[in-house]
Amino acid sequence: MSDRKGIFAGDDPFALARAWLAEAEASEINDPNAIALSTVDADGLPNARMVLLKAIEDDAFVFYTNYESAKASEIEQAGKAAFVMHWKSLRRQIRVRGTVTREAGPKADAYYRSRSLKSRLGAWASKQSRPLSSRAALMAEVARVTAAKGTDPERPPFWGGYRIDPVEIEFWADGDFRLHDRFRWRREGPGEPWSVERLNP
Ligand SMILES: Cc1cc2nc3c(=O)[nH]c(=O)nc-3n(C[C@H](O)[C@H](O)[C@H](O)COP(=O)(O)O)c2cc1C
């Protein structure tokens, strides 16, 4: 039915997303795994910010953050999120929408341990999204947690991952004269079969 071929070919959108990201890693100057993460607040007002995508698993997209941040409360309240990643040099984007759950087990511990010590301590020091009186106050907090936690801090209970389990993934590639190629994969819910359709640009 579909004329999906070349960079759009395949039966598994997660594998396709991994392949596009691998290509971007070779061509983008920095942060090829940056995603614009979108949430809605309790009033339905949308919000967006960049985060780094840390894993494309067989069933989910994973990023890490502070569980007491604004994004976290919006995610926990709605249970849903969306993101877009855009690669300027490849002229491609991937859009994802889905339900969200926490990744707060051994995978989060392992990822936390893989970060530099300063980043691990920074996660302890930052009360992400809440007001801060001065830069000096933050640095004093970094010094305090450095003294308290030493060189092998445990993952903070308020810091970990989120898994976005998509119900929709769109692959978009630039075409001549704005006649872009778009393929939208959709499914009823996690674990359900995918259907794919080509969309008008
Ligand atoms: C390129 C880039 C990557 C970022 N990666 C992360 C990340 O992986 N996790 C995170 O919590 N914040 C990350 N940030 C900071 C967020 O954009 C944001 O400022 C912070 O998470 C607070 O957002 P919130 O108040 O909406 O929760 C990144 C910012 C940029 C510009």
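## Ligand shell

Ala, Val, Leu, Ile, Met, Phe, Trp, Tyr, Cys and Pro count here as nonpolar, Asp, Glu, Lys and Arg as charged, and the others, Gly among them, as polar. By that division, the shell around the ligand holds five nonpolar, four polar and three charged residues. The model is predicted.

The residues that surround the ligand are Asp-31, Arg-49, Met-50, Val-51, Leu-52, Tyr-64, Thr-65, Ser-69, Ala-70, Lys-71, Gln-128 and Ser-129. Strand 2 gives the largest share of this shell, four residues.

At Thr-65, an N or O atom of the side chain is 2.7 Å from a ligand oxygen. At Gln-128, an N or O atom of the side chain lies 3.1 Å from a ligand oxygen. Ala-70 takes part through its backbone: a polar atom there is 3.3 Å from an oxygen of the ligand.

How much of the ligand's accessible area does the protein cover? On its own, the ligand has 620 Å² of accessible area, and the protein covers 64% of that.

## Overall architecture

The protein has five helices and eight strands. Along the sequence they follow the pattern α-β-β-β-α-β-β-α-α-α-β-β-β. The C-alpha trace spans about 60 × 35 × 30 Å along its principal axes.

Of the 201 residues, 41% are buried. Consider the contacts with a sequence separation of 6 or more: residues 24 or more positions apart account for 62% of them.

## Helix 4 and its packing

Helix 4 covers residues 117–125. Its buried residues are listed as Arg-120, Leu-121, Ala-123, Trp-124 and Ala-125. What do the buried residues of helix 4 pack against? Their partners are helix 3 (106–114), helix 5 (135–149) and strand 6.

Side chains of opposite charge can pair when their charged atoms come close. In this model the count comes to 20 salt bridges.

One of them joins Asp-58 and Arg-18, with 3.4 Å from N to O. Asp-58 lies in the loop between strand 2 and strand 3, and Arg-18 lies in helix 1 (residues 13–27), so the pair ties together parts 40 residues apart in sequence. Asp-58 has a relative accessible area of 61%, over the 50% cut-off, so it is exposed. Arg-18, at 32%, is partly exposed.

Asp-59 forms a salt bridge with Arg-163; the closest N and O atoms are 3.0 Å apart. This pair links distant parts of the chain, 104 residues apart: Asp-59 is in the loop between strand 2 and strand 3, and Arg-163 is in strand 6 (residues 159–173). Asp-59 is at 35% relative accessibility and counts as partly exposed. Arg-163 has 14%, which is under 20%, so it is buried. Asp-59 and Arg-163 also belong to a network of salt bridges that includes Glu-57, Glu-103 and Lys-107.

## A bridge between strands 6 and 7

The side chains of Arg-182 and Glu-170 meet in a salt bridge at 2.8 Å, N to O. Arg-182 sits in strand 7 and Glu-170 in strand 6; the pair links distant parts of the chain, twelve residues apart. Are the two residues buried or exposed? Arg-182 and Glu-170 are both buried.

Glu-188 lies in the loop between strand 7 (181–186) and strand 8 (195–199). Its relative accessibility is 75%, so Glu-188 counts as exposed. Glu-188 and Ile-7 are 181 residues apart in sequence. In space, their C-alpha atoms are 25 Å apart.

Technical notes
Residues are numbered from 1 along each chain as its sequence is written. This is a predicted model: local features need pLDDT of at least 70, side-chain atom pairs count only at pLDDT 80 or more; totals for chains, interfaces and linings use all residues. Side-chain values use heavy atoms; hydrogens and water are left out. A residue is near a molecule or strand if one of its heavy atoms lies within 4 Å of it. A polar contact is a pair of N or O atoms within 3.5 Å; within protein, one must be able to donate a hydrogen and the other to accept it, and residues adjacent in sequence count only if both atoms are side-chain atoms. Accessible areas come from the Shrake-Rupley method with a 1.4 Å probe; for residues, only the protein chains shown count as cover. Helices (H or I, at least four residues) and strands (E, at least two) are DSSP runs, numbered from the N terminus. Buried means under 20% relative accessible area, exposed over 50%, partly exposed in between (1.4 Å probe, protein chains only). A salt bridge is a side-chain nitrogen of Lys or Arg within 4 Å of a carboxyl oxygen of Asp or Glu. Contact means heavy atoms within 4.5 Å.
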